[in-house]
Amino acid sequence: GTIEAAPSNLSIDLAMRGVQGDDLPPLTEAIGVPLVGTVTADVALSVPKGDWRQARGAIKFACPRGCQYGDDKTKLKLKVKKPSSEAFVKGGVEFGHVMVDKLAANIDFKGGKMTLSSWEFESTDGEMHAELVLKLGKKFKDSDIERGCFRYRGSPALEKRDLKTFGSISFIGGMLGEDNLFHVTLEGKIGDAKPRPRTCAGGDGDGEGGNKPDRPALGKPVG
């Protein structure tokens, strides 16, 4: 693959095969624990004049033969900003692993927006649903989050196999919605995203939609 960076243009054309997820430190930092297993990625992206508002292309990421979220030894790292939360998660949270039978995501860049256009997650250990739409800024970090929603839960099978990890999934943040999934929404600029324990329909825990726990969110700073 190729990466061409110049004041007039950023162009990326890459095909990654046979890469181990836990050999990608930025990925581990983003999701809190290593992703164990072979991953693939295809990137075809052009950013004229370095202006992300003009970005065109797509990114595809997958674990074609399944992966393992967590390596049974690394603690789940939670980034927090509030001193009260920092003391709660200092040193990380005990976490085993979640088996991921299938993971595939497509991200499209066009029309001044970045959209998570498809998301597939299959696991006997739980559910994970994701939605993300950004209104791109000139600099990527300044892009506005128009839609950011994550819904998840551990399964009875995980609770039976590893009660500690099942409990950690409940601990990492989110508000229990009417669909019996924990909800976390993202707000603000993508470079300083603020996870909120709110239902994706907009409930904030003060009325309908469940209770509002004061817990940090996975892999993101709490505002």
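Student: Why is the contact of Arg17 and Asp42 called a salt bridge?

Tutor: A salt bridge is a side-chain nitrogen of Lys or Arg within 4 Å of a carboxyl oxygen of Asp or Glu. The closest N and O atoms of Arg17 and Asp42 are 3.0 Å apart, so the pair meets that limit. This is a predicted model, in which local features need pLDDT of at least 70 and side-chain atom pairs count only at pLDDT 80 or more, while totals for chains, interfaces and linings use all residues. Residues are numbered from 1 along each chain as its sequence is written, and side-chain values use heavy atoms, with hydrogens and water left out.

Student: Why does Arg17 count as exposed, and why does Asp42 count as partly exposed?

Tutor: Buried means under 20% relative accessible area, exposed over 50%, and partly exposed in between, with a 1.4 Å probe and protein chains only. Arg17 has 51% and therefore counts as exposed, whereas Asp42, at 26%, falls in the intermediate class.

Student: How do you know that Glu131 and Arg147 form a salt bridge, and where do they lie?

Tutor: Their N to O distance is 3.0 Å, which is within the limit already given. Glu131 is in strand β10 (residues 126–135) and Arg147 in strand β11 (residues 144–154), 16 residues apart. Both are partly exposed, because Glu131 has a relative accessible area of 31% and Arg147 one of 32%.

Student: How many salt bridges does the rule give, and which residues are linked in a network?

Tutor: The count comes to 13. Glu187, Arg196 and Arg198 are linked in a network of salt bridges, and another pair that qualifies is Asp192 with Lys194, whose closest N and O atoms are 3.4 Å apart.

Student: What makes the pair of Trp52 and Phe109 tilted?

Tutor: Rings of Phe, Tyr and Trp (its six-membered ring) pair if their centres lie within 6.5 Å, and planes under 30 degrees apart count as stacked, over 60 as edge-to-face and the rest as tilted. For Trp52 and Phe109 the centres are 6.0 Å apart and the planes make 50°, so the pair is tilted. Trp52 sits in the loop between β4 and β5 (56–63), and Phe109 in strand β8 (residues 102–110), 57 residues away. Trp52 counts as buried because its relative accessibility is 18%, and Phe109 is buried at 5%.

Student: Why is the pair of Trp119 and Phe121 called stacked?

Tutor: The ring centres of Trp119 and Phe121 are 6.4 Å apart and their planes are at 5°, so this pair is stacked. Trp119 is partly exposed at 30%, as is Phe121 at 22%. The whole structure holds five aromatic pairs, and ring pairs join Trp52, Phe109 and Phe140 into a cluster.

Student: How do you know that Cys149 and Cys200 form a disulfide?

Tutor: A disulfide is a pair of cysteine sulfur atoms within 2.5 Å. The sulfur atoms of Cys149 and Cys200 are 1.7 Å apart, so the pair qualifies. Cys149 lies in strand β11 and Cys200 in the segment after β14 (194–196), so the link ties together parts that are 51 residues apart in sequence. Cys149 is buried at 1%, and Cys200 is buried at 13%.

Student: How many disulfides does the structure hold, and what is the handedness of the link of Cys63 and Cys67?

Tutor: There are two disulfides. Cys63 and Cys67 have their sulfur atoms 2.0 Å apart, and with -95° about the S-S bond their link is left-handed, whereas the link of Cys149 and Cys200, with 80°, is right-handed.

Methods
Helix = DSSP H or I, 4+ residues; strand = E, 2+ residues; numbered from the N terminus.
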